[in-house]
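Have the structure open as you read.

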Amino acid sequence: MPELYQNRIPIIRRSLNDGFIRGDAPEVSFGCIERDYDVDPVMVGDSPAAMQLIDPSEYDARYEEREEQQSGLLHMFLRGDRPAFENLDQGQFPDCWAHSTAHCLMLNAMIQNIPIPRLNGVGAATLMNQLNGGWSGLSMKFAREKGYPVVGNGPGQWPYQSRNGRDTPELRAEMAKHKNLEDWYDLGRREWDQTLSDRQRATCLFNNMPMGADYNKYGHAMCAFDRVRISAGEWGDAVLNSWKGFGYFGVCIIPDSTAKPNNAVALRSGSISV
Amino acid sequence: MRLLYAATAALLAAAAFAADPIPKSDGTVPKKASFVFPQVTPKTDPPAPPPAPGAMPLLAADTLYVVPSDEPFLLFDSPRGIVSITRESGPVKIRGKFLDGSGKIETRTYNAKHIAIVEGVGKGRVELISVPQGIADEGGAARMLVDVNQAPQPPPVDPVKPVEPVVVKSFRVLLVYESADTMSAANNSILYGKAVEDFLNANCTGGKQGWARREKDATGTYDSDRQAVWDAVKNEFAAPKNTKTPALVIQVNDKITIEPFGPTAAGTVAILRKYLEGK
């Protein structure tokens, strides 16, 4: 019997296969490769060094307040026990690192309470010509500079789970509605130690900032979007994966004791137009 | 019994106009009226002439005119409403300023069995008419004119117009915040929590389409209705105004107001409800 958080969300203890709670794990794709700091030493956006960090002594109170007020991103995503949107599925494409950013942008639209665009991670990776893996920071930089394509077969859209879209002026114009992302926190700078990154990551999640998170342990990137207390003293992240049929509407809990992201870039605010 | 009394200072000697009683047909003689209004100056006989116009005793708001009598009597005021008259039974000790006194607060003991205490409650000239019990005719009544100063009145104020509740035809809300801020747990609860969200979904024009969370520096456009609200206020949040965040932007009909968050989610809902109800 899988271990469940709040009787519904699988907790990852051994491998990501723990997240397939409705049957056997299908064959899935990954695609996250280790960030090359020489290629990507500095990310876009603000430095989290100026962030007012939440002291760990406050974590319990913050968590309890969020549970009482239902004010975390996990609560918002699963209001009424239905997801705000269906999680994306990367299919057989090694584009997890592009889907993590897509999920961040979609969660930001959810936060804003505007129509949630269905963004195309495979299309983004294809447009970047990054076809054999990447890391979340690359896709986030692309999102800021170019925007993100929307799933669909109409003009200005990119077909789902396909490399065969058309890069047209209409596509670029539509992408521009989902770009102009001003605010990111790069939590994975080489010069920072893990402890600082842990506190920055916790602060971002308590501030309802979703992040593209790269797990070298799994070779996989996902969207971490909430901080949860599994049990007294045991903390983990709520993570939205880009695999169909995974988790609870795509969500699993990764305890800190199981794995922590090696790189994470947190979205402070997106600028999505409708 | 009120203990704040004013000194009475009768400038006009009140005289009882009591004619000799006319014997009745059966030979009995009605009681002679013996009522005399208290006077400031020493009693003069015969009764003092009527006062000169304007030279009436002035009963100020902080002054009492105490009218004692050993015999029961009725005391009328005309017109009504300029003075109030209360009755006491002596002996009684009264402290205050007296119309027939020194102008200072003093304590007096009135031993008469029947006491009327006159206080000014309005403004104008009043005639006090004393009718001793048992007199035979009008001639037994004693009369006295007193000018009553207006009791301290608050300055006139414009009549308060009842606040007509606004008929709310449209209600839209933006929750504006700064994403770089590490907000308090309370503000996080207001911005993201279910209580405020449920209220907005239930009450905004268009339901979910009637409100949004807005990072103050983010670009991006909404549907036209919400965009119009943001366009009207976005400069308030930009430099140099830098209106403090987090904040509520509340549109009711054609009026848009910026309010800070309440102290709690419930307090914020109360603020929103006030606007929703047109108050």
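## The open sheet in chain B

Let's start with an open sheet of four strands in chain B, ordered β2-β10-β9-β4 with mixed pairing. Its edge strands are β2 (58-59) and β4 (73-78) of chain B, each pairing on one side only. Strands here are DSSP runs of E, at least two residues, and helices are runs of H or I, at least four residues, numbered from the N terminus. Two strands count as paired if DSSP finds at least two bridges between them.

This is a predicted model, so local features need pLDDT of at least 70 and side-chain atom pairs count only at pLDDT 80 or more, while totals for chains, interfaces and linings use all residues. Residues are numbered from 1 along each chain as its sequence is written, chains are lettered from A and ligands numbered from 1 in the order written, and side-chain values use heavy atoms, with hydrogens and water left out.

## Two antiparallel pairs

Back in that sheet, β9 (residues 124-132) and β10 (residues 142-148) of chain B run antiparallel over seven bridges.

Elsewhere in chain B, β6 (residues 92-100) and β7 (residues 106-110) pair antiparallel over five bridges, with G96(B) opposite E106(B) in β7(B). β6(B) and β7(B) make a hairpin with five residues between them, and G103(B) in the turn has a positive phi of about 95°.

## Where the chains meet

Now for the interface: 30 residues of chain A are in contact (heavy atoms within 4.5 Å) with 29 residues of chain B. About 2,300 Å² is buried between the two chains, 43% of it from carbon and sulfur atoms; that's the accessible area (1.4 Å probe) the two parts lose on being put together, summed over both.

The rule finds two salt bridges across the interface, meaning a side-chain nitrogen of Lys or Arg within 4 Å of a carboxyl oxygen of Asp or Glu. One of them joins R79(A) and E197(B) at 2.9 Å, N to O. On the chain A side, α1 (59-69), α3 (96-112), β3 (183-186), α7 (194-206) and β8 (263-269) each supply at least two of the residues touching chain B.

## Chain A overall

Chain A has seven helices and eight strands, and its C-alpha trace spans about 55 × 45 × 35 Å along the principal axes.
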